[in-house]
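Subject: Structure handover

Hello,

Here is the structure I promised to pass on. Please open it first, then read the notes below.

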Amino acid sequence: MRRLDARLLLPVLSLALLLAAVFWVQPRAMSYTGLNLLFNLAVPIALATIAQMLVIMVDDIDLSIGTFVSFCACVTATVLHDSPLLGVLVLGAAVAVYAALGALIEARKLPAIVVTLGMSFVWAGLAVLMLPAPGGATPDWLRTLMTVKPPLLPMAILACVLLAVVSHLLVTRSALGTRLRAVGGNARSVARAGWSVVRLKAVAYGLAGVFGVLSGMALVGLATSADANIALRYTLLSIAGVILGGGEFTGGRVSPVGAVIGALTLTLAASFLSFLRLSPDWQIGAQGAILVLVLAARLLVRRRAVA
Amino acid sequence: MRTLTKMALSAAVLALAGPALADTADRRIALSNNYAGNSWRQAMLQSWETVTGQAVADGVVAEAPAFTTAENQATEQAAQIQNIILEGYDAIVLNAASPTALNGAVKEACDAGIVVVSFDGIVTEPCAYRIAVDFREMGRKQVEYLSGRLPEGGNLLEIRGLAGVFVDDEISAGIHAGVEQFPQFSIVGSVHGDWAQDVAQRAVAGVLPSLPDDIVGVVTQGGDGYGAAQAFAAAGREMPIIVMGNRQDELLWWKEQRDANGYETMSVSIAPGVSTLAFWVAQQVLDGQTVPQDLIVPFLEIQQDGLDAALETTPEGGVANEEYTLDDAKAVIAAAAN
């Protein structure tokens, strides 16, 4: 438990620091509506980040999550809106494909980076087939859900807290989560203990698929309609979010709470730079600089802890 | 002189003239832009800066900064719009990355009482104002011009844009409508030039041998006229009337030909300065004027006598531009209201 806290300290600190800076530059953000505007687009990013984290947890990486979320968004805005039952079936099938990919990658010992890169083109193609021109519509219940104004806390914050708690329970507290992390830590010993690694990887990828679907749905709920290219940025954002949140590429060392915080930090960093009126030519660089800064700080903290 | 096709008449302008400017002196208008990576967009931002800088100096509005997203992505622009809402602007002028994916953010802005005016890349959210391009008319106009030049008609070659893009279908539909209106013309060949001179040159060179010798005109979509001319010259064909698309290389070639042999044509496209038209429309809405939700961008046409002036002000490798005034905006609004 204490180690988890140390891992979380830096992400929490960076988020708090950035939030303080944003409030200082733009005091208007310090309100119910302000916080919601600041963070509501972070909700789909956080969901995609959790999906990415589940794959990174089993020592793989998912380069297709951005196009997968785009595809799910297109399905949500078209099929799910027009005939809900068929929509659920299509999204369910997409999750099944994700699970099958996980099994395939493990069973044939394929490099996940290659398989998911290939799949990213498949999802992108399917998204264009679903929605050749931007459009579609949000199912009413989804729009209501994403624009709900609960008392006390805005929807964006509430959703992120809920996501952090659920994924924390799933990954860190449940028996399944422990086994999945063990696959990332030492797959061979998991196999020796009598568990099927193929099945476990299928479960990890399947869960990632579920969070990917949720991300696409949340995005359409916010955007009101879809576009085949709507979430291309999510691939890199999700990887950055996992790492920023204290996760590591190997060894099953991930933190769900950290991943959500990482996604929020990335979103906030972009807003902060925009409030500063930084020229767009510098913004990508500055965003990268913030990332490097946090990672460098993490390295320093870790080294001191070891020494 | 360049002629701006103002569909409204000066009478309409007079009818609207006279509202006080001071009403918007403390208002702030932001430009939300998704992309700055080509000459058209650079000219668009430059025009915005020039016109709004003057407007701020004159006390028409308090502030009018331009925001461009670091990457051309709808999700980034949605976040950018939400940031602009947070900063408390009164109006957002928007060139959108997606016609639909920003609707949620645009709705948030409208709900916060912010005026949203989209142009060029327009959005479908009903609460926003749209300044759209009438691409059909752009196609039809070319045939109309040719009918004035060549009353007896003849064979036309059509150069289309990028296959599968909405703009290409629209301009082409307009050209075909024009041919129906002026039946003395017939389109004997059609190639895709992808709005790029090199692609157009290859495509035209490839199709020329299969076409009759008496091609009198080439109807284009912009960015392809120079390439077509090169292909005709290389094939040793008689130069037809090629309608140009306001690109600097096209205008330069046209001038060279005019000086050498009196070549005559016309050029039509949309001026990047349409961002400034959107600015004035937003200002008019903030001023309390009644503005229709859907407006049409006037074309920037260059005729023979305006060629030198246009070429002088067009940067090398760029596009001819026009900055709009408050009166232009009023004319456009009046035209749409009728």
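Into which domains is chain B divided? There is domain 1 (3–133 + 270–302 + 315–337) and domain 2 (135–269). These bounds come from an automatic or database domain assignment.

Some ground rules. This is a predicted model, in which local features need pLDDT of at least 70, side-chain atom pairs count only at pLDDT 80 or more, and totals for chains, interfaces and linings use all residues. Residues are numbered from 1 along each chain as its sequence is written, chains are lettered from A and ligands numbered from 1 in the order in which they are written, and side-chain values use heavy atoms, with hydrogens and water left out.

**Between the two domains of chain B**

The C-alpha centres of domain 1 and domain 2 of chain B are 31 Å apart. Their contact (heavy atoms within 4.5 Å) takes 14 residues from domain 1 of chain B and 13 residues from domain 2 of chain B. About 1,100 Å² is buried between these domains, with 59% from carbon and sulfur atoms. Buried area here is the accessible area (1.4 Å probe) that two parts lose on being put together, summed over both. On the domain 1 side of chain B, V133(B), F299(B) and I302(B) lose the most area to domain 2, together 46% of what that side buries.

Now the charges. Side chains of opposite charge can pair when their charged atoms come close. A salt bridge is a side-chain nitrogen of Lys or Arg within 4 Å of a carboxyl oxygen of Asp or Glu. The rule finds 1 salt bridge across the interface of domain 1 and domain 2 of chain B. E301(B) pairs with K141(B) in a salt bridge, with the closest N and O atoms 3.6 Å apart.

**Salt bridges within chain B**

Over all chains, the structure holds 24 salt bridges. In one of them, R136(B) meets E170(B), with the closest N and O atoms 3.3 Å apart. That pair links distant parts of the chain: R136(B) is in helix α5 (residues 135–149) and E170(B) in helix α6 (residues 166–181) of chain B, 34 residues apart. Helices (H or I, at least four residues) and strands (E, at least two) are DSSP runs, numbered from the N terminus.

E137(B) and R140(B) also form a salt bridge (3.1 Å, N to O). Both lie in helix α5 of chain B, 3 residues apart, about one turn of the helix.

Shared partners join E137(B), R140(B), K141(B), E144(B) and E301(B) into one salt-bridge network.

**Between chain B and chain A**

This contact takes 29 residues from chain B and 30 residues from chain A. The two chains bury about 2,400 Å² between them, 54% of it on carbon and sulfur atoms. T75(B), L86(B) and E87(B) supply 26% of the area that chain B buries against chain A, more than any other three residues.

The rule finds 3 salt bridges across the interface of chain B and chain A. One of them joins R277(A) and E63(B) (3.2 Å, N to O). On chain B, β3 (66–68), α3 (74–86) and α4 (103–111) each supply at least two residues of the side that touches chain A. The largest share of that side, 8 residues, comes from α3(B).

Best wishes
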